[in-house]
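Here is a quick tour for someone new to this protein model. Have a look at it first, then read on.

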Amino acid sequence: MADILFLVHRLPYPPNKGDKVRSYNLLKHLARQHRVFLGTFIDDPDDEPHIATVRTLCADVHVAKLDPRTARIRSLSGLLSGEALTLSFYRSSALRNWVNETCRRRHIDTAVIFSSAMAQYLEEQPRIPTVIDFVDVDSAKWTQYAPQHRWPLSWVYRREGKLLLDYERRMAARASRSFFATDNEVALFTQKAPECRVRVQAMGNGVDADYFSADDTRSSPFPSDELPVVFTGAMDYLPNVDAATWFASDVLPDLLQRWPAVRFYIVGRNPSAAVLALANDRIVITGTVDDVRPYLQHAATVVAPLRIARGIQNKILEAMAMGRAVIASATCAAAVDAVAGQELLTATSPEEYIAAISQVLEAPEAAAAMGAAARQRVVERYTWEAHMKAIDPYLPAPSLRET
């Protein structure tokens, strides 16, 4: 049993958004065979009661509180220091002191870093072998945001993309192994950082298909006389906000002309002001829900119209596991190992979304067959444990030290 330092940018529980689903399952995998020393941030007061659950998996836990508004102001110091704003956003002297003290007291065998921003806490520990789960190429995400905004934000986003890529390259060059969630993200990163080509690989996402499964006793949250089209996700995350607002403005009006019984449900925590402003008699903003499964199970169809997202989307896998016919953007669908047209549908333009949704609504039996095929694909291909094992060759053997 080895001592593993695990640094995560957000408390990995509850697993109610994409990054937390992945980090929680990675934590569970590490804790099965090793002693885990977890350093993390908490940016949502609603997560505080769950710290106790995380402690049951770890030998020690340090949780630094992060106020996003204060952190955004603090991050502006990066404009003067010439570093990526992401690094100063996730900077905590208390967390750094805990990391250094933990490394002094314990013989840390390996550090596992989740997201590039947390690698800064190993700068004073050069002797410790490091594994990084980048998940996505975050620098590319910032670069992709730039054209969506006017100056000066467009300049800030381009700057962030460049500086964060420089940092990602340095950290990947130092790490014994780096992981991304998809082969596409690996290809993108190695194109930008060819010197790291032999040091990176994919470690895919998964889904708990037992939890995300249909249940005949689960009641519907929808009125019986409507056709619910559902989009799920954290609604303060820019790619989700963009997707929801774009679908509402560019797809829904023409869709309603053809299917007046459609109602668009935006299901997810912390809806932004832009999302809240969409609410009307044909658009429902739920905010946080206790259980997303009823919304998925009883949806006429589930859409994932993301235009600026990176990597594989857990929301797509979860809907597929629930046996739904999913209509995803072509870029997101490309990250899923599924047969387009048989296990999910893809779309890019408003016309393509309307055609795909109409295909599902016009043929419920065929849509049910697609949903069944989608679930089978998830069961066969997307178990978390199978994917997380990719990290094992780069960790100490479990029998390294027993005490």
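Trp 151 counts as exposed, because its relative accessibility is 67% (exposed means over 50% relative accessible area, buried under 20%, partly exposed in between, with a 1.4 Å probe and protein chains only). You'll find Trp 151 in the loop between helix H7 (138-145) and helix H8 (153-174); helices are DSSP runs of H or I with at least four residues, strands are E runs of at least two, and both are numbered from the N terminus.

This is a predicted model, where local features need pLDDT of at least 70 and side-chain atom pairs count only at pLDDT 80 or more, while totals for chains, interfaces and linings use all residues. Residues are numbered from 1 along each chain as its sequence is written, and side-chain values use heavy atoms, leaving out hydrogens and water.

Now for the charged pairs. A salt bridge here is a side-chain nitrogen of Lys or Arg within 4 Å of a carboxyl oxygen of Asp or Glu, and by this rule the count comes to 25. Here are some of them:

| Pair | N to O distance |
|---|---|
| Asp 19 and Arg 10 | 2.8 Å |
| Asp 291 and Arg 293 | 2.8 Å |
| Arg 377 and Asp 337 | 3.7 Å |

Arg 377 sits in helix H16 (residues 364-381) and Asp 337 in the loop between helix H14 (330-333) and strand S13 (345-347), so this pair ties together parts 40 residues apart in sequence. Asp 337 is partly exposed, at 32% relative accessibility. Elsewhere, salt bridges with shared partners join Asp 60, Glu 101, Arg 104 and Arg 105 into one network.

As for cover, Asp 19 and Arg 10 are both buried. Arg 293 is buried too, with a relative accessible area of 15%, while Asp 291 is partly exposed at 22%.
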